[in-house]
Amino acid sequence: MNNVTKFKSQRGYQRIFKAFRYSIEGLKTACKSEHAFRQELVLLIVGAIVALLLPVSMLQKLLLIGTLVLVLIVELLNSAIEAVVDRISLDTHVLSKNAKDFGSAAVLLALLLAMATWGVIVWPLIFA
């Protein structure tokens, strides 16, 4: 038995179904309350359609779409960090600023990775 928290005590299929439901709730909340998430979701949808239409290998399609999914994942983690920091205190503090800046930097790096991946795969197609 786990003595750390009562929320970790469930096992089996019930835990899996509840975890799935919590994940869907998280996605719904992100869509409703996070403007950057909505923008990146549109980018993913458009990018996925373009990637699927490009004359590249399946692995390259996976890389193109996967990097855009990674951006959404990092954005969700960034939003979670911001929510926890704001929940603790809305006061200005150097550690709160650092936490939020680190999350933002992670999103930037994910976006740069996506851009680089798209550039490496799509650029030769444009100029072929």
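Contact here means heavy atoms within 4.5 Å. The model shown in every view is predicted.

**View 1**
Asn78 is found in helix H3. Is Asn78 buried or exposed? Asn78 is buried, because its relative accessible area is 5% and buried means under 20%. Leaving out residues up to four places away in sequence, Asn78 touches Lys100, Gly103, Ser104 and Val107. Asn78 and Ile24 are 54 residues apart in sequence. In space, their C-alpha atoms are 17 Å apart.

**View 1. Helices H2 and H3 side by side.**
Two packed helices are described by the angle between their axes and the distance between the axes. Helix H2 covers residues 35-53, and helix H3 covers residues 58-88. They pack at an angle of about 170°. Their axes are 9 Å apart. That angle makes H2 roughly antiparallel to H3, because angles over 145 degrees count as roughly antiparallel. From H2, the residues making the contact include Ala36, Phe37, Leu44, Gly47 and Ala51. From H3, they include Lys61, Leu64, Leu68, Leu72 and Glu75. How many residues of each class does the contact of H2 with H3 have? The contact has 16 nonpolar, 1 polar and 3 charged residues.

**View 2. Helices H3 and H4 side by side.**
Helix H4 covers residues 94-126. H3 and H4 pack at an angle of about 170°. Their axes are 9 Å apart. H3 and H4 are therefore roughly antiparallel to each other. By class, the contact of H3 with H4 has 18 nonpolar, 7 polar and 4 charged residues.

Thr67 lies in helix H3. At 8% relative accessibility, Thr67 counts as buried. Which residues is Thr67 in contact with, leaving aside its neighbours within four places in sequence? They are Leu113, Ala114, Thr117 and Trp118.

The largest nonpolar core has 17 residues. Those with the most contacts inside it are Leu54, Leu64, Leu68, Trp118 and Val122. H2, H3 and H4 each supply at least two residues of this core. Which helix gives the largest share of this core? H4 does, with 6 residues. Now look at Trp118.

Side chains of opposite charge can pair when their charged atoms come close. How many salt bridges does the structure hold? The structure holds 3 salt bridges. This view shows the one between Asp86 and Lys100. The closest N and O atoms of this pair are 2.6 Å apart. Asp86 lies in helix H3 and Lys100 in helix H4, so the pair ties together parts that are 14 residues apart in sequence. Asp86 counts as partly exposed, at 32% relative accessibility. Lys100 counts as partly exposed too, at 26%.

The side chains of Lys97 and Asp101 meet in a salt bridge. The distance is 2.5 Å, N to O. How many residues apart are Lys97 and Asp101 in helix H4? They are 4 residues apart, so about one helical turn separates them. Asp101 counts as partly exposed, at 34% relative accessibility.

Lys28 forms a salt bridge with Glu25. The closest N and O atoms are 3.8 Å apart. Both residues lie in helix H1, which covers residues 12-33. They are 3 residues apart, about one turn of the helix. Lys28 is partly exposed, with a relative accessible area of 43%. Glu25 counts as partly exposed at 40%.

**View 3. Val46 of helix H2, with Leu112 for reference.**
Val46 has its place in helix H2. Its relative accessible area is 47%, so Val46 is partly exposed. Val46 and Leu112 are 66 residues apart in sequence. In space, they are 18 Å apart, C-alpha to C-alpha.

Technical notes: Residues numbered from 1 in each chain as written. Predicted model: local features only at pLDDT ≥ 70, side-chain atom pairs only at ≥ 80, totals over all residues. Heavy atoms only, no water. Axes fitted to C-alpha atoms, helices over the stretch in contact; angles between N-to-C directions. Parallel < 35°, antiparallel > 145°, perpendicular 65-115°, else oblique. Nonpolar A, V, L, I, M, F, W, Y, C, P; charged D, E, K, R; others polar. Buried < 20%, exposed > 50% of the residue type's maximum accessible area, 1.4 Å probe, protein only. Salt bridge = Lys/Arg side-chain N within 4 Å of Asp/Glu carboxyl O. Core = buried A, V, L, I, M, F, W, Y, C linked by side-chain atoms within 4.5 Å.
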